[in-house]
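Subject: Handing over a structure

Hello,

I am passing a structure on to you, and I hope you enjoy looking through it. Please open it first, and then read my notes alongside.

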Amino acid sequence: MPGRLPREVVDAVARAHRDEWARVLASTARVTRDLDLAEECTQDAFERALARWPADGIPDRPGGWLTTVAGNRARDVVRREAHARRLLPLLVIDGEEGADAAAAESYAGPLLPDDRLRLVFTCCHPALSPEAQVALTLRLVCGLTTAEVARAFLVQEATMAARITRAKKKIATARIPYRVPSSEELPERLPLVTQVVHLVFTTGHASPTGAEHVREDLVDVAVSMGRMLHDLLPNEPGVTGLLALMLLGRARSATRVADDGTLVLLADQDRSRWDRPLIEEASALIASSLAAAPPDRFTVEAAIAAVHAEAPTWEATDWTEVVGLYDVLQVLWPSPVVALGRAAAVGYRDGPAAGLSALQPLLGDPMVATYPYLSAARADLLRRLERWDEAEVAYEEALALAGNDVERAFLASRLDEVRAHLRG
């Protein structure tokens, strides 16, 4: 039973799932040429690890072990069902079957740098809807459960399961190739991929569900994909800006949750622990992106993050510059999320009453009606204004909408503070 497994085995399998899922699935898909079967074989490999590692010991290279087991399972199924599978539409691999199969036979560390990108570009094919592209990437590349993907989209699990199934079938029936696009195709396909990589990053940067506030596995996967994209297209400002934005978020990861598991707000983070080399790398990327072309969405978002990263203290933050950058961002990417960020910045520049006024137009927007950060931002502004009754209601709303345990604990503590003021 899983509950009786040695803790070191459970931890090792969990680490392998975080670190190796995408590599194992990508390798297995090249054997099966069928995403459903690849996912099934990959999952089976992790289940076999739970069964065999307690007796056999944890292998020196868990990723290699899992890739071998998943690949062997895949080849067995393909051979057994060879006749039936001739009638099925399969992934197109552009004549690389032999080389890919050989690569899958002997795992010797990380696969080719673009292996996960191969999977990403397949998931992000323009024949799929944007929602399906992101859902497939989170499910297949990042290994999120269907329930976690559904939570990220604020839809029912059954709805998301049907969406993912339809997307997989379309990849097969439309003969969408399992490859990285040619250099001629890359520029037109890139916006889709950058949007997906960014969502992978934000899902890890502030996990929508679960006990962890920061899922470093997803953050690292997104940063890794961002670096690979930048290697492929170093002169694309959007890619450069996206990488800079993710590096700035990664630089603060270690300080966003205290040792006791509680949330640490930006104002209270220990800036001496921020990763300065990553911040310097990101700053150079921002400068490069701005020099190459007019600003794009990700570069402006990165510039906002850089203002925070370069301020020696919270009190020294240049809120005028932050608000100005949000004004630019609203033109490039008008969205409720940007308006929310701008309202919060106005609240620090001009005071909580001004921030609350800037937030007001969002309260009737159905797109963010269930967005927990809107209620949380409103609650904070009301708390700072000492409007305790209204703050209590707003914190209750935010708590009801939040799905992450760390964020819920923080909101509950703030709600307790507000209620203490009401009692006293």
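Below is what was found, from the overall layout down to single residues.

Please keep in mind that this is a predicted model. The protein chain is divided into two domains: domain 1 covers 7–88 and domain 2 covers 370–423. Taken over C-alpha atoms, their centres are 44 Å apart.

Next, the nonpolar cores. The largest one has 83 residues, and among those with the most contacts inside it are Leu 66, Leu 136, Val 197 and Met 225. Helix H1 (residues 7–32) gives this core its largest share, ten residues. Apart from it lies another core of 24 residues, including Ala 339, Leu 340, Val 368 and Ala 391. Leaving aside neighbours within four places in sequence, Leu 136 is in contact with Cys 123, Leu 128, Val 141, Ile 164, Ala 167, Lys 168 and Ile 171.

His 205 is another residue to look up, in helix H10 (residues 186–205). His 205 counts as buried because its relative accessibility is 17%, under the 20% cut-off. Beyond four places in sequence, its contacts include His 213, Val 214, Gly 249 and Arg 256.

Now to the charged side chains, where the count comes to 24 salt bridges. Here are three of them:

- Arg 52 pairs with Asp 56, with the closest N and O atoms 3.6 Å apart. Both lie in helix H2 (residues 35–56), four residues apart, which is about one turn of the helix. Arg 52 is partly exposed at 38% relative accessibility, while Asp 56 is exposed at 56%.
- Arg 342 meets Asp 327 in a salt bridge of 2.6 Å, N to O. This pair links distant parts of the chain, with Arg 342 in helix H16 (residues 336–349) and Asp 327 in helix H15 (residues 319–332). Arg 342 is partly exposed, with a relative accessible area of 22%, and Asp 327 is partly exposed at 32%.
- Arg 414 forms a salt bridge with Glu 417, the closest N and O atoms being 3.8 Å apart. About one helical turn separates Arg 414 and Glu 417, because they are three residues apart in helix H20 (residues 405–423). Arg 414 is buried at 13% relative accessible area, whereas Glu 417 is partly exposed at 39%.

Definitions and conventions: Residues numbered from 1 in each chain as written. Predicted model: local features only at pLDDT ≥ 70, side-chain atom pairs only at ≥ 80, totals over all residues. Heavy atoms only, no water. Domains from an automatic or database assignment. Helix = DSSP H or I, 4+ residues; strand = E, 2+ residues; numbered from the N terminus. Buried < 20%, exposed > 50% of the residue type's maximum accessible area, 1.4 Å probe, protein only. Contact = heavy atoms within 4.5 Å. Core = buried A, V, L, I, M, F, W, Y, C linked by side-chain atoms within 4.5 Å. Salt bridge = Lys/Arg side-chain N within 4 Å of Asp/Glu carboxyl O.
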